[in-house]
Amino acid sequence: MPSSADSLVPALRAAGCVFAEEEAAILAGSARTGAELAAMLERRLAGVPLEHVVGWAEFRGLRILVDESVFVPRVRTAVLVDRALALAGPAPVVVELCCGAGAVAAALADALPGAEVHATDLDPAAVRCARRNLEPRGGRVHEGDLDAALPPDLRGRVDLLLANAPYVPSAEISLMPPEARLHEPALALDGGADGLDLHRRIAALAPGWLRPGGHLVIETSRRQAARTAAAMSAHGLTPTVVRDDDVDGTAVVGRRD
Ligand SMILES: C[S@@+](CC[C@H](N)C(=O)[O-])C[C@H]1O[C@@H](n2cnc3c(N)ncnc32)[C@H](O)[C@@H]1O
């Protein structure tokens, strides 16, 4: 039975884990007993994402709880948080659509004292998980298709509307790493034929929720950014593409003039 981080490294390395030492330390730090550590190692060696094995992911220095079958927050999504922080005034109204575990909303609830923070997702498992992350930080989580479950009194007064919605083209799902394609739900990945179905829907609904001068910020890829921006222009928002090479993240900011 493994008892220390060092004893896990050879097996993790043999299974192809690139960051075997780091993963070993996280596993060893998360298990309460040797038996639990052995079970965690077995699941990790079977290909279960590390974050699902230990039940949390690090996101911008926060420990975000991530239940099985919920999308694991990615480092690149920090681009949404950093852009939102750059745009935020005092006590802003913040809404995260397609929130998954609610990492973006949780980071902003921590960083923006006085903010009113809402998050919403269609997947009940994601909503349950987001509630565990966001409610202790004073935010609220709603369950429904895109904006369907948002409180109507937010209409016209949202300062920051944020989304890391699915944007992988359907035909490219089969090319994704097994950890994503086998352990994250298709609902969290599949953005339709060109990957932009949800971006177009979000750009269409955004002007109804944003206050004049408010911003929509959508994570996208370098390759899709021009089309995400065009979707925003088509609905009267003024788009700007932003790029953060440190986290390899791309977003489009649309301002409601
Ligand atoms: C790529 S994941 C991102 C999750 C989270 N924003 C993050 O960055 O960690 C996309 C999320 O969108 C949700 N989703 C997909 N289609 C949706 C829809 N029509 N309405 C609401 N949420 C949706 C999925 O359930 C999933 O949690």
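A: Happy to. Start with handedness: α1 passes α2 in a right-handed crossing. Keep in mind that this is a predicted model.

Q: Which residues of α1 and α2 meet?
A: From α1 you have A5, L8, V9, L12 and R13. On the α2 side they meet A20, E21, E23, A24, A25, L27 and A28. Sorted by class, the contact of α1 with α2 has nine nonpolar residues, no polar ones and three charged ones.

Q: Let me try the next pair. At what angle do α1 and α3 pack?
A: About 15°, with the axes 10 Å apart. So α1 is roughly parallel to α3. The crossing of α1 past α3 is right-handed.

Q: And which residues touch there, between α1 and α3?
A: L8, A11 and L12 in α1 meet L37, L41, R44 and L45 in α3. That contact of α1 with α3 divides into six nonpolar residues, no polar ones and one charged one.

Q: That leaves α2 and α3. How do their axes cross?
A: The axes of α2 (residues 20–30) and α3 (residues 34–45) come within 9 Å and cross at roughly 140°. Roughly antiparallel would take an angle over 145°, so α2 and α3 count as oblique to each other. α2 passes α3 in a right-handed crossing.

Q: Now the ligand. How many residues surround the ligand?
A: There are 19, and the closest are C98, D121, D145, L146 and N164.

Q: How do I read its polar contacts? Which distances should I look for with D145?
A: Look at pairs of N or O atoms, with a cut-off of 3.5 Å. A nitrogen atom of the ligand is 2.7 Å from an N or O atom in the side chain of D145. For C98, a ligand nitrogen is 2.8 Å from a polar backbone atom. With E96, a ligand nitrogen sits 3.2 Å from an N or O atom in the side chain.

Definitions and conventions:
Residues are numbered from 1 along each chain as its sequence is written. This is a predicted model: local features need pLDDT of at least 70, side-chain atom pairs count only at pLDDT 80 or more; totals for chains, interfaces and linings use all residues. Side-chain values use heavy atoms; hydrogens and water are left out. Axes are lines fitted to C-alpha atoms, for helices over the stretch in contact, and angles run from 0 to 180 degrees between N-to-C directions. Helices (H or I, at least four residues) and strands (E, at least two) are DSSP runs, numbered from the N terminus. Angles under 35 degrees count as roughly parallel, over 145 as roughly antiparallel, 65 to 115 as roughly perpendicular and the rest as oblique. A crossing is left-handed if the near helix is turned anticlockwise from the far one by less than a right angle, and right-handed if clockwise. A residue is near a molecule or strand if one of its heavy atoms lies within 4 Å of it. A polar contact is a pair of N or O atoms within 3.5 Å; within protein, one must be able to donate a hydrogen and the other to accept it, and residues adjacent in sequence count only if both atoms are side-chain atoms. Contact means heavy atoms within 4.5 Å. Ala, Val, Leu, Ile, Met, Phe, Trp, Tyr, Cys and Pro count as nonpolar, Asp, Glu, Lys and Arg as charged, and the others, Gly among them, as polar.
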